[in-house]
Every structure is written in C-alpha cells, then in structure tokens.
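Please look over the sequence and the structure shown below before reading on.

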Amino acid sequence: MKNSFWWSAVVLALAVAAGCSPSPPPPKPKVAVIGLDGLSWTFLDPLIAAGQLPNFERLLDGAATGELESFRPTRSAILWTSVATGKTMEKHGITDFTFVDEGAMEEIEEVRLVTGMRRTAATIWEILGELGYSIGVVNWWVTHPATPVNGYLVSDRLKAVMNREAVVEEPDLVYPPMLLAELAPMFVSQTRAHRTMRTYDFPRYSRERAEAMYATSPASQNLYERLRSYVGQDRMVKDWSRHLLAKGQPDLFAAIMRITDVFAHFGYRFADRETLERMVPEITVRRLTHSDAAVRERTAALVEELNPVVANAMLPAYKYADDFIGEVLAAIDPSSIVIVVSDHGFAWAGGGYAHTQSRQGYPDAAPPGVIALKGPGISPIRIEGAGLFDIAPTILYALDEAVGRDMDGQALTAVFGGDGAAEARDVKFVATYGTGLRQREVADSPLTESEQEMLEDLRSLGYIR
Ligand SMILES: [Zn+2]
C-alpha cells in the first residue's frame with residue numbers, strides 16, 4: 001500500500017508539472033514466476049511441435065523466449081538461489097546441496113542438507129516484501145526453514161510431509177506456521193502419488209522391472225520409490241498452489257516444480273527401445289569430440305534425430321508441468337507478467353542425457369535453461385544472451401523498482417517494448433538490498449528421518465558420492 005501510494009504521488013507530481021490533468025497511474029502488474037527445474041528446449045520444442053503441451057503452447061504464443069545461460073556446477077540449490085538473488089554463488093553463499101558440519105560433535109564431520117540460514121544475499125521475495133508487495137512462494141530451493149515474508153512461504157521440504165494424512169509437527173515447513181493446518185488435508189500420500197503416476201502415464205512396470213531399469217548404481221536401487229516421492233511432492237506444489245492462488249493472487253507468486261529435472265535424469269531409458277538400440281551405439285562419447293569434422297557432424301545430426309524420440313519418453317513429466325502452467329494461468333489475473341524459467345537444460349552426454357559433469361563426454365558448457373516472459377508491454381522477441389542472474393533484476397525493473405548494483409545480472413529491458421509500454425524506462429539502481437533474513441544459526445540437531453531420505457535422494461541422482 002505504502003508503495004502504490006508513493007507511486008501515485010510521483011505520477012501525480014509529474015502530471016501536474018507537465019501541466020496536464022492528472023490521470024490515474026497505470027496499475028503495477030502482478031508477477032508469477034513458474035520455475036521448472038531442468039526444463040529443456042531439447043524436449044520442449046519437439047513436444048510442443050507435436051501438440052502435446054497445449055498450455056506451454058498458449059503461454060509461449062506472444063511471449064519473449066530464449067535460452068537461459070546456466071553455469072557450473074549445475075546444481076539446482078546453487079542455480080535457483082542465483083535466480084532468486086541475481087547473484088553468484090560466491091555472493092549468495094549457497095555452494096552445494098549440502099555442507100559438511102564440522103562443529104556438530106567435535107570429531108564427527110556430518111554431511112547436512114544446506115538450509116536458507118546459510119544464504120548471504122536477499123531474495124527477490126524478501127526485497128519486494130520489504131517494499132510492500134505481497135508475496136507467495138512455494139517450494140523454492142533452499143527455503144527451509146521457512147522465514148517470515150510479507151505473505152506466505154511453503155519451503156522446499158515437502159518430502160517431510162509425504163505420506164501424512166493429518167496435521168504434523170513441522171514448524172519450519174511453512175510461513176506462517178498456522179498455514180500448515182490449512183494445507184494438511186492436501187498432503188499427498190504414496191498411494192495418491194502412485195495414482196498420479198498412472199494418470200500421467202509414467203512408465204508402467206512391476207517394481208522389479210522398475211528397479212532393473214532405473215538402477216545405475218547401488219544408490220539407485222529404490223529409484224522407483226524415489227520417483228513416486230518426487231511426483232507426490234510436485235502434486236503438493238500443484239494442489240497447494242491452486243488452493244493458495246484461489247484465495248487471492250499475491251503481487252509476487254513464485255513456485256518450483258522438480259519433476260522435469262528428476263525424470264530427465266533417467267527417463268530417457270524409456271524411450272523407444274528400438275531407436276535407442278539403433279542409434280545410441282553410434283552416438284558415442286568420442287564421436288562428439290572426434291577429430292574428423294564429418295564424424296562430429298554426423299553425430300550431431302543423430303542427436304538431433306534422437307531428441308524428439310527421447311522427448312516422447314519425457315512426456316509424463318512435461319505433461320505434468322504443462323498442467324501446472326494451465327492451472328496457474330487459470331488462477332491469475334490475465335494482466336499479470338508470467339515468467340517461466342529453468343535453471344539448466346539437458347544435453348546428450350556419454351550414453352544418456354545429463355546436465356552434470358559426472359558423465360564422460362559432457363559438453364563444454366552447462367546446457368542452457370529456458371526463459372519465457374509474457375504480459376502487458378512485453379514484446380514477443382527472441383531473447384539473446386540472458387542468464388540466471390538476470391531474472392531478479394528483470395522482475396524489479398518490471399515493477400519499476402531499483403536494481404541492486406551488487407547484483408550480477410541485468411534487467412532484460414529489451415523485452416519491455418510492446419504495446420501498452422511507456423517508452424523504455426531507465427533502469428534505476430540502489431547500492432544493495434543487503435543480506436536478507438538469517439535469523440537463526442544452523443541447528444545443531446541430529447538428522448531427521450526425512451533429511452536422511454533427502455540425502456539418499458541426492459545420492460541416487462549422483463550429486464553426493
Ligand atoms: Zn536443476
């Protein structure tokens with residue numbers, strides 16, 4: 001309120017100064033950020049072309065779109081914190097999924113999940129909340145424990161409430177804490193997660209076959225259960241977001257789904273088997289770096305041919321994300337600015353698709369993510385050269401707020417040239433928005449059962465050895 005009052009006063013003053021009668025200021029748009037972990041044009045393009053993703057298609061029609069430059073290490077906890085802060089990991093302090101707690105018990109070094117308490121830069125929801133904007137955040141990476149915001153925040157520890165049918169004691173899961181009782185009837189059990197998997201046609205298999213297909217290492221043995229758990233967590237993201245948006249759209253809504261990343265880590269094995277058997281042996285690691293240009297070219301052409309086939313295997317996860325987009329679009333004001341963003345994509349690497357460097361033959365650069373912006377005043381241009389650090393400055397610019405000089409990205413001003421936009425505004429700056437909320441030290445408590453399970457999940461995806 002304070003904010004819009006200030007804005008009105010400025011516009012009024014300008015109008016009076018210009019000698020014309022004051023007209024009401026243009027209302028500030030609301031912003032909805034839909035984060036889809038690992039969403040990749042590699043799979044998105046062929047599925048949209050095949051008419052499989054109607055909500056993506058609708059959203060991208062008239063949107064500014066492009067590849068979003070990512071960086072290594074392509075670890076989601078790091079990358080999404082850069083999206084939220086506009087800063088490098090050196091500045092925001094989240095340098096991995098985990099950290100080694102050396103102080104817990106003198107000689108015992110314990111690997112622990114990283115928490116928001118270790119973040120050293122203000123997030124976009126903290127910045128805008130301070131400026132008076134209402135906030136809604138759901139499942140953003142590294143947001144546990146849930147800290148106070150000007151609205152609500154559902155942290156990224158949904159795993160902790162999987163399989164619960166009643167209100168549970170998870171005091172740090174959401175802010176405000178009393179929101180938990182309201183969300184409790186929508187906890188997703190393993191049974192409901194399994195039904196969701198069937199609805200979206202995730203590969204059907206017996207448990208034995210699933211484990212045989214998924215297993216790449218001893219740590220991956222229970223990957224079927226893990227996939228079901230991820231589907232359940234994203235089901236909560238979807239159901240809870242729908243519920244919360246139905247109560248009213250905050251000025252900034254931001255949610256992240258993970259299934260588009262998780263399933264892409266191994267789902268390609270469910271691509272058409274005949275095609276895989278025919279093509280994969282020829283697309284070897286060495287061929288992508290072969291000294292003979294003709295061999296490299298042939299290999300690249302084969303990868304181009306393989307991508308749509310593998311995209312079909314990704315359809316369950318992409319369809320799920322597509323439905324989420326449809327639900328968000330249906331729930332928000334049509335004059336909102338919608339931003340779809342992913343932290344990295346996937347690319348062919350040594351026998352499969354990956355974004356990490358653990359695979360031999362990994363491409364030199366981190367596979368780019370996806371950026372798409374749509375809303376009043378946004379032109380449907382091709383965005384070139386955008387990166388993860390640009391998202392937070394762009395949101396600030398879209399709301400005519402100052403960008404932090406200590407942010408490492410730039411506002412994507414080029415997209416704001418469409419109908420209804422005033423002539424390009426200058427970017428305003430402020431020195432810094434500071435370090436954000438860190439109210440408590442990291443708890444010195446033993447790992448909970450769900451924390452242990454989450455560490456296992458990270459091991460199964462190859463992030464922890
Ligand atoms: Zn990711």
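Which residues point one way from strand β5 and which the other way, and are they buried or exposed? In this predicted model, I135 and V137 point to one side of strand β5, which covers residues 135-138, while G136 and V138 point to the other side, and all of them are buried.

**The partners of strand β5**
- Strand β5 pairs in the parallel sense with strand β6, which covers residues 151-154, over four bridges, and in this pairing V138 stands opposite V154 of β6.
- Strand β5 also runs parallel to β8, to which four bridges join it, and here I135 stands opposite L252 of β8.

**Residue F253**
- F253 lies in strand β8, which covers residues 252-257, and F253 counts as buried because its relative accessible area is 0%, under the cut-off of 20%.
- F253 and G151 are 102 residues apart in sequence, and their C-alpha atoms are 9.9 Å apart in space.

**Confidence in the model**
- The protein chain has an average pLDDT of 84, and 80% of the residues score at least 70.
- Over residues 1-5 the pLDDT stays under 50, and the model has five contacts beyond four places in sequence for this stretch.
- Over residues 14-19 the pLDDT is likewise below 50, and this stretch has two contacts in the model beyond near neighbours in sequence.

Definitions and conventions. Residues numbered from 1 in each chain as written. Predicted model: local features only at pLDDT ≥ 70, side-chain atom pairs only at ≥ 80, totals over all residues. Heavy atoms only, no water. pLDDT = per-residue confidence, 0-100. Contact = heavy atoms within 4.5 Å. Helix = DSSP H or I, 4+ residues; strand = E, 2+ residues; numbered from the N terminus. Buried < 20%, exposed > 50% of the residue type's maximum accessible area, 1.4 Å probe, protein only. Pairing = 2+ DSSP bridges.
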